[in-house]
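Q: I am new to reading protein structures. Could you walk me through one, feature by feature?

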Amino acid sequence: MPTVRDLRVRPGQVLLMAGTSKGVFLFAAGPQRKKWERGGPQFAGSPTYSLGHANGSGHRLFAGVENPFYGPALRWSDDLGRTWSEESASTLKFPEDAGVSLKRIWQIVPGSRKDTIYAGVEPSALFVSRDRGATWELVRGLFDHPHRAKWTPGNGGQCLHTVLPHPTDPDRITVAMSTGGVYRTEDGGRSWRPRNQGVRVDFMPEKFPEFGQCVHKVVRHPSRPETLFLQNHGGLYRSDDGGDSWDDIAKGVPSDFGFCMAVHPHDPEVVYIVPLEASLFRCTPEGKLRVYRTRNGGKSWEALTRGLPQKDANEVVLRDAMCVDQLNPAGVYIGTRSGKVYGSPDGGSSWSLIADGMPPVLCVRAVAIGSPAKLRVPPRRASKPLARIRSKIASVARRKPVRKALRAR
């Protein structure tokens, strides 16, 4: 077994977790996010497809771990990843009368009520915990939905990978699955309706069915909960009515196929994606690793390349291998199937390599330890030539003739 490197995360740092096909690696850095300490691997040898955290009395971290011999289990840590619960403590399981067994945990997110956690799993189902993950209940309204018999597995499995609790209305929850599409409840999970109008299915005879879409990811900003962004098997979409209808916004991107998607923590109009080839090759187009960003809600997209490889970079970024932190300026992170993790401390404008030589990265999550508003990001120093120019301008402006001329104007 590999040696597990201990990582002591301190208040005021950013904790970055990377779930891989061989366990979880941890990274910590100060607010500038330049130098990263590394820890792990935790759960060595076990694929981890989901990571999450719940704020409360301290930070509780979650990991959806898939032991190759004993199956999936939800593990948690209350000391920032130094120690974790035992596999036997996991109660996230289908009841015996469900007729199915848990295959994989795809998503772990906090709800809008205190101590509430949601988990999206495979086969497609939603679980809820009201005690911070100690016990779990299957959301029967979705599991018993009449459409369920017609949901079919995507290439990654029949997975419910997106869970979006409404930030102000605990009874409204939006989920997405591959395949199946987007569904929404407005009564706390008792009933669910498909919300896929306008989202196409290229691989089916009927291009715009009521359900059956292979949705890859849906995101939204809590300050504008009715605006959703969706990365489909083919297509990028925006909805401004909570998912009742969708408009295609795939303009100016090299491919409308991709898996991951993230929204800026402070600007609901800023969204990030990583396009991939739509063919079976499914790597970054033209051998260039480019993160695309929109600043205007999908009206236009720009390629972010500074610090990312632009030659022979046939990379893949999976659906949960992109995330943001809550600092300002925001940090953006991606992990690749080639075992690399990149980070940007300035909202995506520039990137650097955080880690290399890891197993394939399946998911990443970033957590600010302490209040993000209180984590001071030091201003960037101007380069020496630029600083000299500014000093000279200031010196000239202080001269008497210049001051008189300025007053005369």
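Q: How far apart are the mean positions of the positive and negative charges of the protein chain?
A: First, keep in mind that this is a predicted model. In the protein chain, the 60 positive and 39 negative charges have mean positions 14 Å apart.

Q: What does the radius of gyration of the protein chain agree with?
A: The idea is to set the value beside the one for a compact globule with the given number of residues. For 409 residues that would be near 22 Å, and the protein chain has 23 Å, so the two agree. As for the box, the C-alpha atoms fill roughly 90 × 50 × 45 Å along the principal axes.

Q: What share of the residues in the protein chain is buried?
A: Here we look at how much of each residue remains accessible; under 20% relative accessible area counts as buried. By that reading, buried residues make up 56% of the 409.

Q: How many helices and strands does the protein chain have?
A: There are three helices and 27 strands. Strands of a sheet pair through backbone hydrogen bonds, in either a parallel or an antiparallel way.

Q: In what order do the four strands of the open sheet come?
A: The order is S15-S16-S17-S18, with antiparallel pairing. S15 (215-219) and S18 (247-248) are the edge strands, each pairing on one side only.

Q: Which residues stand opposite each other around S16?
A: Let us go pair by pair. S15 and S16 run antiparallel and are joined by four bridges; here Val 219 stands opposite Phe 229 of S16. S16 (residues 228-232) also pairs with S17 (residues 236-239) over four bridges, again in the antiparallel sense. On that side, Leu 228 faces Ser 239, and Gln 231 faces Leu 236. Between S16 and S17 the hairpin has three residues, and in this hairpin Gly 235 takes a positive phi near 130°.

Q: Are the faces of S16 covered or uncovered?
A: To answer this, sort the residues by the side they point to and check each side. Leu 228, Leu 230 and Asn 232 lie on one side of S16, Phe 229 and Gln 231 on the other, and all of them are buried.

Q: Is His 166 buried or exposed?
A: Read its relative accessibility: the value is 7%, so His 166 counts as buried. His 166 lies in the loop between S11 (159-165) and S12 (173-178). Leaving out residues up to four places away in sequence, His 166 touches Ser 112, Arg 172, Arg 220, Pro 225 and Glu 226.

Methods: Residues numbered from 1 in each chain as written. Predicted model: local features only at pLDDT ≥ 70, side-chain atom pairs only at ≥ 80, totals over all residues. Heavy atoms only, no water. Helix = DSSP H or I, 4+ residues; strand = E, 2+ residues; numbered from the N terminus. Rg over C-alpha atoms; globule rule 2.2 N^0.38 Å. Buried < 20%, exposed > 50% of the residue type's maximum accessible area, 1.4 Å probe, protein only. Lys, Arg positive; Asp, Glu negative; His and termini not counted. Charge placed at Lys NZ, Arg CZ, Asp CG, Glu CD. Pairing = 2+ DSSP bridges. Contact = heavy atoms within 4.5 Å.
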